[in-house]
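Look at the model below.

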Amino acid sequence: MNESRKLFVKSFGCQMNVYDSRRMADTLAPQGYVETPAADDADLVILNTCHIREKAAEKVYSELGRVRRLKEAAAAEGRRIVIAVAGCVAQAEGEEIIRRAPTVDLVFGPQSYHRLPQLLAGAERGDKPVDTEFPLDDKFDHLAAPSTAAVRARGVSAFVTVQEGCDKFCTFCVVPYTRGAEVSRPVDKILAEVAQLASAGVREITLLGQNVNAYHGDGLNGRPSSLAQLLEHVSAIDGVERLRYTTSHPRDMDGHLIAAHGALPKLMPQLHLPVQSGSDRVLAAMKRRHTCADYLAIVSRLRAARPDLALTSDFIVGFPGETEADFAQTLSLVGEVGFSGAFSFKYSPRPGTPGADLPDQVDEETKSERLHRLQTAIDQSQAEFNRSCLGRTFEVLFEKPGRYTSQLVGRSPYLQPVQVTAPAAMIGEIAAVTITEVASNSLFGTLARAPAREPSLAGAGA
Ligand code: SF4
């Protein structure tokens with residue numbers, strides 16, 4: 001009954017979607033589905049969509065045009081491809097997707113993944129189910145765990161979603177509407193998942209959440225646990241050598257979490273902490289609930305706890321009402337913090353968000369020009385940080401083969417890709433590497449003779 005069928009999942013957007021896609025594949029594995037890298041070979045194609053970027057829905061419809069052609073070609077050969085749309089665009093558009101793209105058999109939002117087998121059965125009967133509810137039951141309780149073979153195939157670094165949704169309602173963002181209110185998973189469930197990943201060979205865990213440092217899941221003592229407490233528990237699990245978490249809001253960087261950066265050796269010295277703008281006026285209009293000074297104070301406390309901490313961030317330029325003086329403050333913040341990298345985007349109004357209705361929308365030409373200047377400043381900051389790594393020795397987790405024979409690619413503690421000549425048997429190992437060359441955004445290094453357990457602080461700092 002469970003004959004082998006092929007599943008192709010395409011993930012758009014953030015790491016949380018990558019994690020969700022994997023859990024969908026795990027949930028469908030007992031039905032006989034195995035993943036294929038080729039959509040034209042699949043029996044089931046799932047597009048796991050993202051609503052963050054501009055024209056997200058239009059991009060999904062154009063992708064559906066391509067998938068429709070595959071479906072028609074398969075039908076000509078007497079084969080059926082079931083097409084499903086999942087994720088945040090599915091949540092936002094709902095039935096509209098099937099109306100505009102009748103080739104789609106199934107639409108489901110981020111809170112319905114655990115019902116995938118039943119929804120799929122409906123789609124196979126031709127019911128065209130649409131499920132965009134925010135159910136009361138916890139989907140994570142019903143998602144199947146991955147097999148050991150699936151974990152191994154996915155590599156030595158793994159994501160684990162610990163929190164979903166957001167209560168902040170920044171005026172530019174759709175997340176609170178597409179992912180709903182903040183929900184945190186209980187500590188025991190997370191620890192069980194991490195232990196299973198570690199026993200299958202995973203060495204690095206990244207805890208994920210739309211607003212991960214607002215984590216407040218039930219602790220082992222029945223009381224709400226903070227993210228700092230959760231990190232402590234995860235770091236005590238045998239086999240887990242490295243820990244990270246993303247994405248955080250400055251308002252939720254409490255003293256315990258800041259202290260954890262100094263106290264937990266497994267917590268890697270890299271943090272993604274979005275600031276969005278360096279202007280208090282713009283931050284207030286975005287309803288970010290922090291000022292530029294608040295952000296700088298948090299950075300300073302973090303660096304007091306962990307002096308070599310590398311910081312990355314997110315920026316939006318051209319938010320309604322942003323003046324040249326506001327933008328200059330953003331540039332000044334970039335210079336002051338010395339980011340090791342950042343994502344930056346032009347503001348584009350999202351229907352249904354308060355920002356879309358604000359007066360003084362900034363024209364496209366100004367936005368493009370400011371984005372160019374900001375990205376130049378970020379690139380310089382990143383290059384400076386990478387250059388500061390030259391000659392240093394730190395630990396690298398080897399993840400996969402490199403482009404050339406005998407080369408492996410790993411990650412530094414600061415999340416930079418590092419290319420090293422090393423035997424394939426070292427994939428999954430953590431070894432000390434001396435950085436010998438920096439080119440573009442990649443580091444090149446050689447295996448150091450004496451392995452060091454901790455990243456060296458010598459020469460640290462951007
Ligand atoms: S905190 Fe992040 S996810 Fe929440 S509304 Fe603001 S930008 Fe969106």
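C389 counts as buried, at 0% relative accessibility. Buried means under 20% relative accessible area, exposed means over 50%, and partly exposed lies in between, with a 1.4 Å probe and protein chains only. C292 is buried too, with a relative accessible area of 13%. Its sulfur is 16 Å from the closest cysteine sulfur, in C170, which is too far for a bond. A disulfide is a pair of cysteine sulfur atoms within 2.5 Å. By this rule the count is zero disulfides.

A word on the source. This is a predicted model, in which local features need pLDDT of at least 70 and side-chain atom pairs count only at pLDDT 80 or more, while totals for chains, interfaces and linings use all residues. Residues are numbered from 1 along each chain as its sequence is written, and side-chain values use heavy atoms, with hydrogens and water left out.

C292 also takes part in helix packing. Helices (H or I, at least four residues) and strands (E, at least two) are DSSP runs, numbered from the N terminus. Axes are lines fitted to C-alpha atoms, for helices over the stretch in contact, and angles run from 0 to 180 degrees between N-to-C directions. Helix α13 (residues 292-305) packs with helix α14 (residues 324-337) at an angle of about 10 degrees, and their axes are 12 Å apart. That makes α13 roughly parallel to α14, a label for angles under 35 degrees. From α13, the contact uses C292, Y295, L296, V299 and R303; from α14, L333, E336 and V337. Contact means heavy atoms within 4.5 Å.

Helix α11 (residues 255-263) packs with α13 as well, at about 35 degrees, with axes 7 Å apart. Here G255, I258, H261 and G262 of α11 meet I298, R301, L302 and A305 of α13.

Now the cores. A nonpolar core is a set of buried Ala, Val, Leu, Ile, Met, Phe, Trp, Tyr and Cys residues joined through side-chain atoms within 4.5 Å. The largest has 52 residues, and I205, L207, L227, L230, L231, Y245 and M253 touch the most other members. Helix α9 (residues 187-199) gives the most to this core, with six residues. A second, separate core of 23 residues includes V9, L44, V82 and A86.

Finally, helix α5 (residues 116-125). Its L116, P117, L119, L120, G122 and A123 are buried. Their cover includes α1 (15-28), β3 (44-49) and β4 (82-86). Just after α5, G126 takes a positive phi of about 95 degrees.

Conventions
Angles under 35 degrees count as roughly parallel, over 145 as roughly antiparallel, 65 to 115 as roughly perpendicular and the rest as oblique.
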